[in-house]
Amino acid sequence: MAMYNDKVMDHFMNPHNVGEIENADGSGTYGSPVCGDMMKIDIKVKDDVIKDAKFKTFGCGSAIASSSVATDMIIGLTIDEALAVTNKQIINELGGLPAVKIHCSVLADHAIKSAIYDYAQKNGKTYKGLEGFDPNADEDDHESCGVE
Ligand code: FES
C-alpha cells in the first residue's frame, strides 16, 4: 500500500458516494479490459445538472479512490462539464497514481460517460462529448488509458 499517497488512501479507506441511486436517471457499468475490475455509476439529473452520483466498484484500491473523487467531482456539474472530465483530472485530484494504476482512473472516466450515455438514450438527448462514445467498446489497445 506504500505506493499510494495519503489522499488516495483516504478515499480508499473512506470513500464518498458509495451505493446505488434508486430510480437513477442514468446508470453505467464499465469493466476494465486490463484487469477485469468493474465499476457502476448511477446519476440523478435535473435540468441537465448532475444532482447526485453514487458508485459501486468491484476493483482495487485505486479504482475505489478514483470512483470516490470522480463522483465528488461531477456532482453539481452540467452534463457537458461532466463529459469533459478526463481521467487525468481524476488523477490530479487524487494527487497522482502509480503508472500501473492509471487504467483504474480510466474505469471512472468511462463509467461516468456510460451513465450519461444511458441518461441521454432514455431521454432522447445528444451531447457533443458523447460523439463516438461506445459504452461497449473494448479498449484493447490501452492507448486511451496510458497502459503500454
Ligand atoms: Fe484494475 Fe485497479 S482497476 S487494478
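Me: In this predicted model, are H2 and H5 parallel, oblique or perpendicular to each other?
Reply: Start with the angle. Helix H2 (residues 61–74) and helix H5 (residues 102–123) pack at about 40 degrees, with axes 8 Å apart. Angles under 35 degrees count as roughly parallel, and 65 to 115 as roughly perpendicular. H2 and H5 are therefore oblique.

Me: Which hand does the crossing of H2 and H5 have?
Reply: The two helices pack at an angle of about 40 degrees. The crossing of H2 and H5 is right-handed.

Me: How many nonpolar, polar and charged residues make the contact of H2 with H5?
Reply: From H2 come Ser62, Ala63, Ser66, Ser67, Ala70 and Ile74. From H5 come Cys104, Ser105, Leu107, Ala108 and Ile112. Ala, Leu, Ile and Cys count as nonpolar, while Asp, Glu, Lys and Arg count as charged. The contact of H2 with H5 divides into 7 nonpolar, 4 polar and no charged.

Me: How do H1 and H2 lie to each other, oblique or roughly perpendicular?
Reply: The axes of H1 and H2 come within 8 Å and cross at roughly 85 degrees. Angles of 65 to 115 degrees count as roughly perpendicular. H1 and H2 are therefore roughly perpendicular.

Me: What is the make-up of the contact of H1 with H2: how many nonpolar, polar and charged residues?
Reply: H1 gives Val8, His11 and Phe12. H2 gives Gly61, Ser62, Ile64, Ala65, Ser68 and Val69. Gly counts among the polar residues. The contact of H1 with H2 divides into 5 nonpolar, 4 polar and no charged.

Me: Is asparagine 17 buried, partly exposed or exposed?
Reply: Asparagine 17 sits in the loop between helix H1 (6–13) and strand S1 (26–31). Its phi is near 60 degrees, positive although the residue is not glycine. A buried residue needs 20 or more other C-beta atoms within 10 Å. Asparagine 17 has 19, so it is partly exposed.

Me: Where does aspartate 48, with its positive phi, lie?
Reply: Phi of aspartate 48 is near 70 degrees, and the residue is not glycine. Aspartate 48 has 15 C-beta neighbours inside 10 Å, so it counts as partly exposed. Its place is the loop between strand S2 (38–46) and strand S3 (49–58).

Note on methods: Residues are numbered from 1 along each chain as its sequence is written. This is a predicted model: local features need pLDDT of at least 70, side-chain atom pairs count only at pLDDT 80 or more; totals for chains, interfaces and linings use all residues. Axes are lines fitted to C-alpha atoms, for helices over the stretch in contact, and angles run from 0 to 180 degrees between N-to-C directions. Helices (H or I, at least four residues) and strands (E, at least two) are DSSP runs, numbered from the N terminus. Angles under 35 degrees count as roughly parallel, over 145 as roughly antiparallel, 65 to 115 as roughly perpendicular and the rest as oblique. A crossing is left-handed if the near helix is turned anticlockwise from the far one by less than a right angle, and right-handed if clockwise. Two residues are in contact if their C-beta atoms, placed from the backbone, lie within 7 Å. A residue is buried if 20 or more other C-beta atoms lie within 10 Å of its own, exposed if 12 or fewer, and partly exposed in between; C-beta atoms are placed from the backbone.
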